Amino acid sequence: MSVFEQVWVWLTSPDNWAANGIPLRLLEHLRYTATAIPIAALIAVPLGAYIGHTRRGGTLVVGLLNSVRALPELGMLVLLVPAMGLLLAFEALTIVLVLIAVPPLLAGTYAGVRNVEPSIVDAARGMGMSEREVLFGVELPNALPLMLGALRAATLQVIATASIAAFVSLGGLGRFVIDGNALRQFDQMAGGAVLIAALAITAELVLAGVQWLVVSPGLRPTRTRKRKATT
Amino acid sequence: MIEFQAVTKRYDDGTVVVDSLDLTIEDGGITVFVGPSGCGKTTSLRMINRMIDATSGTILLDGADIRAQSPAKLRRGIGYVIQHAGLFPHRSVLDNVATVPVLLGTRKSTARKQAAELLERVGLPAELGKRYPSQLSGGQQQRVGVARALAANPPVLLMDEPFSAVDPVVRDGLQEELLRLQSDLGKTIVFVTHDIDEAIKLGDKVAVLRVGGRLAQYATPAELLARPADDFVASFVGRDRGYRALGFLSAQGVPVGPVATVALGASAEQARASLDNGWAVVVDEAKRPLGWVSEGSLSTVDQVRPEDLVSGGSLFEVDSGTLRTALDSALSSPAALGIAIDAQGAVVGGVVADTVVKALADARRCGEVPT
């Protein structure tokens, strides 16, 4: 049997799809992702919107983000769990995942708000919009494509990184990769990796759909049909 | 009425962009701020709606200090049009136009209905309302920008180089449109441009500013051309100002002489017989001019056909024309005879340059020309 056939057999085996098999790990994985992303967004979006709108503190935040990006996730997790105690392993994992998701979300929101055409913001203010109305009515809607792009990137990264949950007995799809590696069961290891990739791709597709729904048609990048210009 | 009283704008680094400006802008006219870059014209404009706050001095809007109310509230009562229109890309054209009424609390459906009417008013089909700004041409975007500024029916309109980013032909159309709109609406318009020709074409009054933010001259366009206050204004107003000043003098006094006409499709023989000084104007059934024929152009054909015409110069409309259009029609005509037309566009006669110059001399004698 080739490697691919072995993986296929593992992936389709009914035993692996028993309630405490793949479905459980998938749910765990989803739970970690679904916890970390909203928390990260809650931190990153308001902060990014604020510094993008006021144009204050941009350099400082970008520098900080880059240093956070350099942190090794696994090392941080292994450090945090003993420090916080095994009972708080989930919280420790969430902290690590949030730290991964914040930089791209913050950068995307900041860049999105900041890069809104100055003439548009000028017009908005000149027509009598309050700062709040400028931010919520003009800057954020125009920043949405970049923000959602950042959300997709962050989600992808968190799904990939959540595999390390298995290192601290939290399961997730990473369980299969680690167990497979330990037991030299390559079908399980590769199968786990395929599942993680499939989850990432699915999330990407769902978010792309969301982006298509919530971003104004006026901001869609590809407009191949050039309308006849009359003046 | 907008009054600038000793208004100065000085930046932290000490640069003075507007220096003790005293200026009164009358209601119901177009006042143009013009000058080279760095003269503070845009700054002066933006101080009116408090996009920039003056360092010292007072600006009164209808007698009340503009600082008496919050900037947002003040701005909602003043139309604002900027260079690239600054339309909101994420909102449909209709919603762009409805912006200020919605801010002021008008119901969205009502505001949209009014917006559709406004689009037609600025010369755009109402169907365009459903599109997004990126689907419009530059000229269309600018029209939407004007409609958006007019949406809440503000008495005052600030226009900051609104037409400078579009090509000359479109710009010309937009300028005509603005004048037409203004003759209907009678708003108080403050208009900034660096283009003196635009200033002279649009302005009821023109304020020429010099670098450093000092007012060099504040006068009607005709006066600016006839009597520039100093060398700066004279050089800024530019060459041909004597000629351009003719644009402010009515051509009522210019005698319209006869002109030889020949119908399109007439035989070459007929055409030759009607030539006057070697030239004749070819006209269609409604007597509208199509071009010229001459001895030379008739020598090789036996009928007057559209493709054989020598194209004509500019036309001079008898009732509304100025000395400038009269003179230009004569100078640009291949026959040295300007074609005079009536309001329907039909040929009524011809004018020669000499008579225009003579009419100018008469006008001068009667004191109609500022000297």
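Which domains does the domain assignment give for chain B? Domain 1 covers 2-238, and domain 2 covers 261-363. This is a predicted model, and the views below take chain B and then chain A.

**View 1. The two domains of chain B.** Here you're looking at domain 1 (2-238) together with domain 2 (261-363). Their C-alpha centres sit 41 Å apart.

**View 2. An open sheet of three strands in chain B.** The strand order is 14-15-16, with mixed pairing. Strands 14 (315-317) and 16 (347-351) of chain B take the edges with a single partner strand each, so one side of each has no neighbour in the sheet. Going from one strand to the next, the twist averages 35 degrees.

**View 3. Zooming in on strands 15 and 16 of chain B.** Strand 15 (residues 338-341) runs antiparallel to strand 16, and four bridges join the two. To get your bearings, find B:Gly338, which stands opposite B:Val351 in strand 16 of chain B.

**View 4. The annotated domain of chain A.** An unreviewed UniProt entry puts "domain: ABC transmembrane type-1" at residues 26-207 of chain A. That stretch of chain A is 82% helix and 0% strand, and its end C-alpha atoms are 18 Å apart.

View 5. UniProt (unreviewed entry) lists "transmembrane region" at residues 32-53, 74-102, 154-178 and 190-214 of chain A. Take residues 154-178 of chain A: this span is 52% helix and 0% strand, with end C-alpha atoms 23 Å apart. Now look at residues 190-214 of chain A, which are 100% helix and 0% strand, with 36 Å between the end C-alpha atoms.

Technical notes
Residues numbered from 1 in each chain as written. Chains lettered and ligands numbered in written order. Predicted model: local features only at pLDDT ≥ 70, side-chain atom pairs only at ≥ 80, totals over all residues. UniProt positions renumbered as here; feature names shortened; annotations may be inferred. Pairing = 2+ DSSP bridges. Axes fitted to C-alpha atoms, helices over the stretch in contact; angles between N-to-C directions. Domains from an automatic or database assignment.
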